[in-house]
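Here's a quick tour for anyone opening this structure for the first time. Take a look at it, then read on.

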Amino acid sequence: MTSVGARVVLAASNAARKMGQALDSMGASIEVAKYTERLVPSTRFVAVDGVAPTVSESAAFVAPSANVIGDVAIGKNSSVWYGATIRGDVNKVTIGDNTSIGDRAVVHVAKIQGDFPTIIGDNVTVGPGATIHAATLMSSCVIGASAQVLDGSVVESNSIVAPGSVVTPGTKIPTGELWSGSPAKSERKLTDDELAGIPGSADSTKDLAILHALECAKDYKQVAEDEELYEDNLERHPDYYARGSEDDAPDGDVLGQGAPGRIFDSTLTHPEEGLKYMQKKKAEAEAKKTWKQQVFLTSIMEELS
């Protein structure tokens, strides 16, 4: 009976498998747009037609969720923030030094309605959600959050485009002016404080970008250690033993029982580790003694000579 039952189950399994394969083939045959799913571990830097982005080794920060695509050059101390996209697929994008592209900002180029690259100078701050499309931003200017600077426009140095403004195609914004509105118009000349704040904004963003770069460069072990240290600082009483680490565990040893707070690595639960530790300590003491003797003999020989 057992063999008959096994044969029935095997036959039913084979029939179900063949039916599933037939249904899969039928579905594939009636697909209009073929799609193959692929695992892409990172789309931070993407080449287009064999042209890959060029990012300075001294760039402050390119966020893990940012996309830098195609013919893009980014200068030193510049940063591209979370969710931002810089796409140089049909033309080139050039970004100078100490410039920041804010969160979810889009920088693109044009080829169909005019041959316009995007050129962004030094010390430029592009706010979050802004769109720079086939335009030129000269050095030391600020583009506010969600503002749009469109095809063929030029924003000259020491100028500010207010948040939410739309700079229409072909517009030229003179130096030292504040523009706002949709479409953007000249509001007034910039004050001395506003002019001084333009490079200050670029520098403060650069400093913040360096901090984010350090955090994003950590591996999972470093992140776990940071969480451990944070919780330890919250809970450990200041009068209790200081928290030890793997590097300084021998120095933090208390009565041969390991560093405080690490009981699972102590000789209480692993007696053999205590023996290894004592042997290691003895070997280090002997090595130190031998070194002192060698130094003593060398000094005597030098005096005799």
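We start with D219, which caps the N-terminal end of α3: one of its side-chain oxygens sits 3.2 Å from the backbone nitrogen of K221. Keep in mind that this is a predicted model. From there, we'll look at the helix itself, then the nonpolar cores, then a serine in a loop.

**The helix behind the cap**
- Helix α3 covers residues 220–235, so to speak a run of 16 residues.
- From first C-alpha to last, α3 reaches 23 Å, close to the 22 Å expected at 1.5 Å a residue.

- In soluble globular proteins, nonpolar side chains tend to be buried together.
- Here, the largest nonpolar core has 36 residues, and I86, I101, L137 and I143 are the ones with the most contacts inside it.
- Strands β3 (61–62), β4 (67–74) and β6 (85–95) each give this core at least two residues.
- Setting aside neighbours within four places in sequence, I86 is in contact with N67, V68, I69, V72, I74, V80, V93, I95, I101 and V107.
- Another core, of 6 residues, lies apart from the largest one; V142, I160, A162 and L178 are among its members.

**A serine in a loop**
- You'll find S165 in the loop that runs between β16 (160–161) and β17 (166–167).
- Is S165 buried or exposed? With a relative accessible area of 1%, S165 is buried.
- A polar atom of the S165 side chain lies 2.9 Å from the backbone oxygen of A162.
- Beyond its neighbours within four places in sequence, S165 is in contact with S146, A147, Q148, W179, S180, G181 and A184.

Note on methods
Residues numbered from 1 in each chain as written. Predicted model: local features only at pLDDT ≥ 70, side-chain atom pairs only at ≥ 80, totals over all residues. Heavy atoms only, no water. Helix = DSSP H or I, 4+ residues; strand = E, 2+ residues; numbered from the N terminus. Expected span 1.5 Å × (residues − 1). Polar contact = N/O pair within 3.5 Å; in protein donor to acceptor, adjacent residues only side chain to side chain. Core = buried A, V, L, I, M, F, W, Y, C linked by side-chain atoms within 4.5 Å. Buried < 20%, exposed > 50% of the residue type's maximum accessible area, 1.4 Å probe, protein only. Contact = heavy atoms within 4.5 Å.
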